[in-house]
Amino acid sequence: MKKFLSILTVLLFVFAIGTHFVQAADIGATITYSLSGSTVGTTPGTGALAVFTPTTAIVGGHSIVLTFPTGTVLDESAIVKADFTIIEAGGGGVATAPIAVEASAASRTITLYVHPTSLNTGLGEFTINLSATALGDEITHPTATTTTGTFVVTTEAGDTGTISNVSFVADDLHHYNVVTENAGTEAAGTGFYVTITARDQYDNITTLNTAGGALGTENFSISTTATTQDGNDPTYNAGALPATPVALNISSGTVATNDFIFYNAGETPTITVGSSSTAAVGGTTAAITVNPDTADHVTLTSVPTIGYIYQAFATQPVVEIRDQYENVRTADTDNVVISACSDAACATPIVTDFTGTKTKAAVAGVATFTGISYDTVRVAGLYLKAAKGALTDCSSLFKIYGSPDSSTVTYSTTETTTTTAPQAVTTTTTAPETTTTTTSTNVIPQPEKPIAEMNQAEKNTYTMQLQQFLIQLLTQLLSLLAK
């Protein structure tokens, strides 16, 4: 028995569902919805709101539910039964207000309860009108253009009708939107364009001008906050930025400009486009990121001007990796190497090189060296070379002295010979009857460090200094004897 009751229950459930499906039917003929094709954001006027023909009779007191497309705004507190009339063609065309109305902003529905006097026993076309008492903002169209909106009419008798291609069109021109190519990231010295788009007050692309007519060729003023870099001014269309408006055809709602070229990678400029032929609001791009061009050269921005052996230079080398427009390559992390050279072109390296870490990885395009020194007296001077691969730069001449005091001494122009400056020395010679005082112009040269600690080049230099001293001393003695 329990099994029989279970089967009977299932059969009754299936029957009930089947009965429900049989009752449901699509509304016959064509459903019209007067808001289709309307301008976004506006409200419908008086007159027919929806027209449809049911396939089953609608009885007095039955409901008709209108479901509006996504984005439609209903002011449910202002919607009342006096705002609508219902006409059934078979009822002699008499317009009768519904007996009640319910509105839901959340579900975008208006439910109309039909007055019995508007019906007859037959089926006929139903027209739902928006009456003159309806406020202008009770039903507001979506603010986004769409051709896939859906409007649904459902009757209590089980009929359902759907329009799935409801469309809303853009409003008149309100402003221009300006966007750069490459999402606003451009390279110094490389051309890029901006796209100008005509938009309505809800930011939909429009092909209508501010007066509702068709857009065509418009005159646009163009300006930028980009500045000069290394003598290179911003350009537009291979020339200077236009001083007068530029004519561009924007009939399709969008148009691309000719190329801009910026050079200064140390700024984030914008481009502003205005229309001189319409009342539309002009547009300004977002800040544009201008990246440096490819690496073109390295530049020593800090170099030693004097040095003393075994002491770190007071001014340490700093090297920047730059593009052809003198922008620092802030994304560059390549190694930079320094070395010593004997000529101004840095073509001849010196065997005795700098001490310290002579290879540095650039940080944001800048290689900063620390602790660099030179351990050999070099009174003839030397040059510092900086290199990143084949890219090089050469410093001005600077000299290496043994101590801070020795940097004030005058030296010969030869690289290995050092002559000390004359210093006055008083020598007293006693004769049988008179005393004569003479002045010597030399003193014995003193080594700058113990001879045992000198390298061969330093020993050679000191030996030559002693030889010159002895020659001068001998010359003076011979002069005295001759008297």
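In which sense do strand β17 and β20 pair, and over how many bridges? Strand β17 (residues 217-224) and β20 pair in the antiparallel sense over 4 bridges; two strands are taken to pair if DSSP finds at least two bridges between them. The model is predicted, so that local features need pLDDT of at least 70 and side-chain atom pairs count only at pLDDT 80 or more, while totals for chains, interfaces and linings use all residues. Residues are numbered from 1 along each chain as its sequence is written, and side-chain values use heavy atoms, with hydrogens and water left out. Helices (H or I, at least four residues) and strands (E, at least two) are DSSP runs, numbered from the N terminus.

Thr-217 has Asn-249 in β20 as its bridge partner. Asn-249 lies with Ala-247 on the uncovered face of β20 (residues 246-249), whereas Val-246 and Leu-248 make up the covered face.

Rings of Phe, Tyr and Trp (its six-membered ring) pair if their centres lie within 6.5 Å; planes under 30 degrees apart count as stacked, over 60 as edge-to-face and the rest as tilted. By this rule the count comes to 13 aromatic pairs. Tyr-176 and Phe-220 form an edge-to-face pair, at 5.1 Å centre to centre and 80° between the planes. Tyr-176 counts as buried because its relative accessibility is 2%, and Phe-220 because its value is 0%; buried means under 20% relative accessible area, exposed over 50% and partly exposed in between (1.4 Å probe, protein chains only). Phe-192, Tyr-236, Phe-260 and Phe-262 are linked into a cluster by ring pairs.

An open sheet is formed by 3 strands in the order β26-β28-β31, with antiparallel pairing. Its edge strands, β26 and β31 (366-368), each pair on one side only. Strand β26 is joined to β28 (residues 318-322) by 5 bridges, and Leu-300 stands opposite Val-319 in β28.

His-297 is located in β26 (residues 297-302) and is buried, with a relative accessible area of 17%. Its side chain makes a polar contact of 2.9 Å with that of Asp-296 (N or O atoms within 3.5 Å; within protein, one must be able to donate a hydrogen and the other to accept it, and residues adjacent in sequence count only if both atoms are side-chain atoms).
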